Amino acid sequence: MSRVRATVDAAALRHNLARVRACAPGCRVVAAIKADAYGHGAFHVVTALADADAFAVATVDEALQLRWAGVSKPLIVLSAIRGVADLTACAEHGLQPVLHDATQLAALAAHGGQGLEVWIKLDTGMNRLGFPAEEAGALHRRLAALPAVRLAGWMTHLACADDPDDPATMTQVRRFHAALGDLPGERSIANSAGILAWPDSHADNVRPGIMLYGASPLLGRDGPSLDLRPAMTLTAPLVARKSVAAGEAIGYGATWRAPEDMPVGLVAIGYGDGYPRHAPSGTPVLVHGKRVPLVGRVSMDLITVDLRDCPEAEVGDEATLWGEGLPVDEVAAAAGTIAYELFCRLTNRVEFVYIDSER
Ligand SMILES: Cc1ncc(COP(=O)(O)O)c(C=O)c1O
């Protein structure tokens, strides 16, 4: 029996892509699969999401690994383009770099642009990557002076779209469109939160990431409440059961004490697998479809759960840490983090199993 297992379901990925298409009809879908598809396994995710129009990664290396694995769809490289060598790799392998600063434009001029199709990123208020939006016209003139370069389009990234009441999103959307006017090129603004909560941000291309994996991009919501299905279910076996007496402490630092005589279970997962060490007592775990709260500190290989509401649990039973039946958003909220981080931090000790529950 394997220890910690992440089961990734292609049917859930397809369902979530269909949700993107239903929310943003008529838009091209650029699926964000950076960081190994948010920890799900980029090659498998690309295969499951064959209906996406394009894929977005963070680095040239991430894109090249997919090209070498036979992925032929358009690949957009969102950041980390450094110098002429990266542009040469993009041209050779048909990768579309996103350019966001003057040093990259200088490299583009040095390269000459032959065979390159580029995106230009504008900063409309996030103050992360991007040229000042007001420079769009001047940027377009500079690109026009390099006739070998094809302009794929313009993009910007939303800072606060997770809050449907925050006016900053519409300010960014308006600023983007105003800066571009009628300049040629496709437009791309929306991440998952934009797709779900901000129809005015949809433009020509949407760039979903987290919603494809079934987690919520919106504050205070979970994936299932947005009709998203968890792509990943993380499980680990119950490897011991014991009774602790009232007043006895559990685990390192004795941070939790049994309020009464009670059964507890030890689940074979810990921060060595990527389960968050800072998950506090009370963080939900699922056994036999019941929530059994974590008690005491997370250690490297083990956690302890309170089995008072699940006395039937036995050694060898499977516990679900997140996924089917337990939204990752709930675990992330309990642990003071976000689903993105929980997915990305799983370690190579976790066994990945790829299924298709509909085939
Ligand atoms: C430029 C860009 N577009 C799209 C996305 C996808 O965002 P999300 O996973 O919130 O949908 C990201 C992810 O951070 C990004 O950096």
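Predicted model: local features only at pLDDT ≥ 70, side-chain atom pairs only at ≥ 80, totals over all residues.
Asp317 is found in the loop that runs between strand S17 (303–306) and strand S18 (318–322). Its side chain also makes a polar contact with the side chain of His288, at 2.7 Å. Is Asp317 buried or exposed? Its relative accessibility is 17%, and buried means under 20%, so Asp317 counts as buried.

Who else does Asp317 meet? If you skip its neighbours within four places in sequence, Asp317 is in contact with Ala236, Pro237, Leu238, His288 and Glu312. Sequence and space can tell separate stories, too: Asp317 and Val4 are 313 residues apart in sequence, yet their C-alpha atoms are 13 Å apart in space.

Strand S17 is also the place of Thr304. With a relative accessibility of 10%, Thr304 counts as buried because the cut-off is under 20%. Leaving out residues up to four places away in sequence, Thr304 touches Ile250, Val264, Gly265, Leu266, Pro293, Leu294 and Val295.

Now zoom out to the whole chain. Its C-alpha atoms fill a box of roughly 75 × 45 × 40 Å along the principal axes, and you can find 11 helices and 19 strands in it. Of its 359 residues, 52% are buried. If you take the contacts between residues at least 6 apart in sequence, 63% of them join residues at least 24 apart.

Where they meet, domain 1 gives nine residues to the contact and domain 2 gives eight. Together they bury about 850 Å² between them, with 65% of that on carbon and sulfur atoms. Three residues, Tyr38, His40 and Ile210, supply 53% of the area that domain 1 buries against domain 2, more than any other three residues.

What holds for charges and polar groups here? Between domain 1 and domain 2 there are zero salt bridges, but two residue pairs are in polar contact. On the side of domain 1 that touches domain 2, helix H2 (residues 34–39) brings the largest share, three residues. By class, that side has five nonpolar, four polar and no charged residues.

Salt bridges do turn up elsewhere. Side chains of opposite charge can pair when their charged atoms come close. How many salt bridges does the structure hold? The count is 19. In one of them, Arg150 pairs with Glu117, with the closest N and O atoms 2.6 Å apart. Arg150 lies in strand S8 (residues 150–155) and Glu117 in strand S6 (residues 117–123), so this pair ties together parts that are 33 residues apart in sequence. Arg150 is partly exposed at 49% relative accessibility, and Glu117 is partly exposed at 23%.

Glu330 and Arg291 also meet in a salt bridge, at 2.7 Å from N to O. This pair links distant parts of the chain, with Glu330 in helix H10 (residues 328–334) and Arg291 in strand S16 (residues 290–295), 39 residues apart. Finally, Arg345 forms a salt bridge with Glu341, the closest N and O atoms being 3.3 Å apart. Salt bridges that share partners also join Asp9, Arg14, Arg229, Asp356, Glu358 and Arg359 into one network.

Conventions: Residues numbered from 1 in each chain as written. Heavy atoms only, no water. Contact = heavy atoms within 4.5 Å. Buried area = accessible area lost by both parts, 1.4 Å probe. Salt bridge = Lys/Arg side-chain N within 4 Å of Asp/Glu carboxyl O. Polar contact = N/O pair within 3.5 Å; in protein donor to acceptor, adjacent residues only side chain to side chain. Helix = DSSP H or I, 4+ residues; strand = E, 2+ residues; numbered from the N terminus. Nonpolar A, V, L, I, M, F, W, Y, C, P; charged D, E, K, R; others polar. Buried < 20%, exposed > 50% of the residue type's maximum accessible area, 1.4 Å probe, protein only.
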